[in-house]
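Trainee: Could we go through this protein together? I'd like to learn how to read it.

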Amino acid sequence: MAERRWARQTGLKAVALLVGLAVALIGLEALSTAWLTIRDGRYTPAKELFANTRNSYIQDLTIGGNCRYVDTMYPHPYLAFVHHHDDPCGVPGANNIGLLGDNFPVARNPERYVILVSGGSVASQLSQLYDPARRSFLEEELNRNYVSPTGKPFQVLNGALGAWKQPQQMIVFSIYGDFVDAVVTLDGYNEQYLMTPGLGVRFEMPAANYLGVNPIIAKDGFGNLAISWFMGRIAGWLSQGVTAHSHAAYLLAVALAGKPPDDNSGFGAKTYATMMGLPKEIASSPSAYLDWQVGQYSKYIRMMDFSARESGIKSMFFLQPVPAVDKTLTEEESRNTPDRSYGPRYVEIVRRLLALRERNVEIHSMLDVFKDETGTIYVDDIHPKRENMDSRGYSLIAARMAQEMASAWGWRSKSQR
């Protein structure tokens with residue numbers, strides 16, 4: 001009898017504990033949902049919140065798994081960072097130099113008119129391959145509407161990568177440009193960030209991905225790297241399965257995946273900060289800082305242009321459109337691009353760089369490419385919306401770039417044949 005009573009009491013305690021735990025979890029979920037609804041001003045499903053923590057470029061490379069974006073990266077001795085295709089977190093589409101698209105050859109292909117496109121993630125999405133049966137947005141636009149100077153089909157090679165900025169475009173062209181007939185860049189957004197007043201760093205400082213693949217430089221090296229990797233894995237697991245529908249799990253994942261504050265006290269960190277710093281008289285003055293950074297940006301464009309001319313290669317430079325300028329944003333775009341304060345600065349950067357035309361540099365502004373669009377173009381702070389090869393934004397960018405190249409370089413349109 002005593003044993004039955006003990007068993008019954010134990011069972012009741014276990015049930016009470018489970019009920020209490022369930023009530024606590026339900027309460028936590030309710031509070032999390034309420035807080036996020038108040039924060040955002042509207043209810044957003046947890047799965048959508050998980051997706052919005054990563055921009056569209058990163059989502060493409062990490063979807064369906066718990067790998068962090070940095071887990072897909074590999075250090076490059078000259079380009080700072082590229083992708084890899086090794087297990088467990090490699091990118092299947094990474095080519096022989098770690099970019100997304102066709103392998104880079106070592107000699108010119110007489111059967112193709114080859115154009116190298118470089119820049120950041122927008123340039124990469126414009127020129128990379130998504131469907132085995134299709135080519136990139138820009139390549140399809142060129143072959144559909146224009147005849148190349150050699151009469152051979154156009155081939156667009158993706159020489160761009162997410163978070164790249166000058167001088168990475170200049171470096172990739174310098175190393176791998178021997179086999180191309182033309183080089184074009186599409187950039188500006190990543191570069192303008194390095195011109196934010198008060199940032200005070202050299203224009204050449206690579207994105208944080210460089211620290212992610214070089215743990216000796218980042219803080220105290222491998223200890224923090226291991227912790228970051230572990231926390232990132234947990235955050236990745238939370239974004240999959242049942243927990244992907246939980247607002248409480250979303251808040252926990254954000255907390256775990258959050259980067260600890262930089263203290264610049266670790267091995268290598270002080271040296272890196274010194275290397276990437278600027279003299280106080282430049283860094284402390286917003287006008288001097290902007291002058292210096294735009295001057296560096298202009299320098300790398302001119303270096304690419306000079307190198308291309310010396311090698312008999314066509315070159316053209318496009319300054320990309322941004323949500324903060326010349327686009328009437330939809331409600332969805334406004335939510336996805338809350339910070340548009342950089343707009344006036346970006347317009348000034350573009351104005352100054354267009355002065356390179358006086359040196360016969362083929363540089364063009366794309367700021368107005370979406371001016372007449374009333375629908376949603378941007379899916380996040382910079383990337384046009386895209387479903388596989390269906391994208392109004394990328395199609396418009398490709399059409400404008402192809403038109404500018406054809407006009408400047410005398411290409412015939414196929415309608416004139």
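Mentor: Gladly. Helices (H or I, at least four residues) and strands (E, at least two) are DSSP runs, numbered from the N terminus, and the expected span of a helix is 1.5 Å times one less than its number of residues. This is a predicted model, where local features need pLDDT of at least 70, side-chain atom pairs count only at pLDDT 80 or more, and totals for chains, interfaces and linings use all residues. Residues are numbered from 1 along each chain as its sequence is written, and side-chain values use heavy atoms, leaving out hydrogens and water.

Trainee: How far does helix α16 reach from its first C-alpha to its last?

Mentor: Helix α16 covers residues 392-409, which is 18 residues. At 1.5 Å a residue, 26 Å is expected. The reach in the model is close to that, at 26 Å.

Trainee: Is Val19 buried or partly exposed?

Mentor: Val19 lies in helix α1, residues 2-40. Its relative accessible area is 46%, so Val19 counts as partly exposed.

Trainee: What does pLDDT average over the protein?

Mentor: pLDDT is the predictor's confidence in each residue, from 0 to 100. At least 70 is scored by 76% of the residues, while residues 259-263 stay under 50. The protein's average is 84.

Methods:
Buried < 20%, exposed > 50% of the residue type's maximum accessible area, 1.4 Å probe, protein only. Contact = heavy atoms within 4.5 Å.
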